[in-house]
Amino acid sequence: MAVPYSVFVPFLLFSYSFLGGVCQQLQTTNQCDGRRVYMYDLPSEFNSGLLEKCKFGMAKWLNFCAHNANAGMGQALEKVNNSHTLGQGWYITDPYMIEVIFHNRMRRYSCLTKNPKLADAFFLPYYTGIDALKYLYNANGINKSRHGANLISWLEKNANDQWQKHGGRDHFLIMGRTSWDFDFHEIGNYSWGTGLWQMPQVTNMTGLLVEKRTWMPNEQAIPYPTSFHPSISQLQEWMNNVRAAERTFLFSFAGSIRPTMRKGGIRDILLQQCAEAHECILVDCKKHRCSHNPQKIIETFSQSTFCLQPRGDTPTRRSIFDSIIAGCIPVLFHPESAYTQYTWHLPQDSNNWSVFIAEDDIKNGARVENILGSYSQEQILQIRNRVITLIPNLIYTTSSGEDSATAQLPDAFDIIVQGVLHKISAMKLQET
């Protein structure tokens, strides 16, 4: 007997709807295979509670409350300076707010799982660098070796099964300072750092820092947050503008001499060479407070073909990422400033996106202007085009990181998560 049309059509529509839902669920499941992250729901004392102490509560001289705005990106630049010319997507971002920025992006990660048994990796949203402030700058009466001890105690009490499975080697956390800040050391009467790295449980985890100790396998360097946090459309527009920018200076340098730096070192030599050169523009960071003045830095770098990036107090500088975002070819003087640090985010063929001049060459009289002036326009254009393609790798966008547009332009967050998952997967294979 034939099925009546009035019965068949609703059944067919229901079948398509049901199967479509199943297929979509299977597709989502497949996309998350090997990518599931379990994010611990830590007590507020390890993250948001620290931000509540932003006004002189972590260090007596420090008020970083303004930097907490917009999920750690800081105040929008147009609200602070409505006459700025950089366009949309710019903020006044403090580089040490990376822990807050990453935590908020992880909340929107599509492959988060609430079931730790299904997790491929475990993320601890502990604001390690912010918590370190009270140990680094309020040393009197504070036992620096206790930094992180409360976190370990909490894990042993509340997550022992997950921790014991791989001894913590499938866990990772963001540590928003240089590695040296977590490695207590004494030189004569001077001491620095907390005792975090002295805890064996912590060294089992993967620590993601803005600067790592290159010989430590559990450490990985990730890009400093710049002040640029665009949407995908804003990013594409910016890249087009950078490609078309008119560059009237051969090179530039943003920096200053600091009392802690050795006189006669490379930084003061470069400052002198820039001042004497006809095609160099200098930004004095003593006057312009470069770390919280993106407009001055980016405008300068956007007018420059090359940007000098010598070491500072430590080998790395956020300015390296500012220069790349501005389409300015970074000039490096030490391998640990970038090449051996950001191996997940920067390609190994460094001569195709940067210029390297050894520090000793500068100390022995090499002139930066002569070296950079020897590059042909064809070479410059080729290197700059490669630099511009790196911009998405180095920024933390406002996107969720899971739409089709971002799949083609993964940002720094996407690359970090992919790198962590790959590292942990390789560890598990070695254990089998």
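Author: Start with a term. pLDDT is the predictor's confidence in each residue, on a scale from 0 to 100. You need it here, as this model is predicted. For the protein, the mean pLDDT is 88. A value of 70 or more is reached by 88% of its residues. One stretch calls for care. Over residues 5-27, pLDDT stays under 50. There the model has two contacts beyond four places in sequence.

Now the setting. The protein has 432 residues, and 52% of them count as buried. Its secondary structure comes to 18 helices and 14 strands. Its accessible surface is about 20,600 Å². Carbon and sulfur atoms hold 51% of that surface. Take the contacts with a separation of 6 or more: 71% of them join residues 24 or more positions apart.

On to the salt bridges. Side chains of opposite charge can pair when their charged atoms come close. This structure holds 11 such salt bridges.

Take D411 and R105. They form a salt bridge, and their closest N and O atoms are 2.6 Å apart. D411 lies in the loop between helix 17 (404-408) and helix 18 (412-431), while R105 lies in helix 4 (residues 98-106), so the pair ties together parts that are 306 residues apart in sequence. Are these two residues buried or exposed? D411 has a relative accessibility of 0%, so it counts as buried. R105 comes to 3%, so R105 counts as buried too. The pair also belongs to a network. Salt bridges link R105, D411 and D414.

Next, E431 and R169. Their salt bridge has its closest N and O atoms 3.0 Å apart. E431 lies in helix 18, and R169 in the loop between helix 7 (160-166) and strand 5 (171-178), so this pair ties together parts that are 262 residues apart in sequence. What about cover? E431 has a relative accessible area of 37%, so E431 is partly exposed. R169 is at 35% relative accessibility and counts as partly exposed.

D181 is buried, with a relative accessible area of 7%. R177 is buried as well, also with a relative accessible area of 7%.

Helix 5 is mostly covered, as eight of its 10 residues are buried. Which residues of helix 5 are buried? They are T128, G129, I130, D131, A132, L133, Y135 and L136. These buried residues pack against helix 2 (48-51), helix 4, strand 5 and strand 7 (190-192). Helix 4 is where R105 lies.

K144 is 10 residues from K134 along the chain. The C-alpha atoms of K134 and K144 are separated by 9.0 Å.

To recap, D411 and R105 are joined by a salt bridge, and so are E431 and R169. D411 is buried, whereas E431 is partly exposed.

Note on methods. Residues are numbered from 1 along each chain as its sequence is written. This is a predicted model: local features need pLDDT of at least 70, side-chain atom pairs count only at pLDDT 80 or more; totals for chains, interfaces and linings use all residues. Side-chain values use heavy atoms; hydrogens and water are left out. A salt bridge is a side-chain nitrogen of Lys or Arg within 4 Å of a carboxyl oxygen of Asp or Glu. Helices (H or I, at least four residues) and strands (E, at least two) are DSSP runs, numbered from the N terminus. Buried means under 20% relative accessible area, exposed over 50%, partly exposed in between (1.4 Å probe, protein chains only). Contact means heavy atoms within 4.5 Å. Accessible areas come from the Shrake-Rupley method with a 1.4 Å probe; for residues, only the protein chains shown count as cover.
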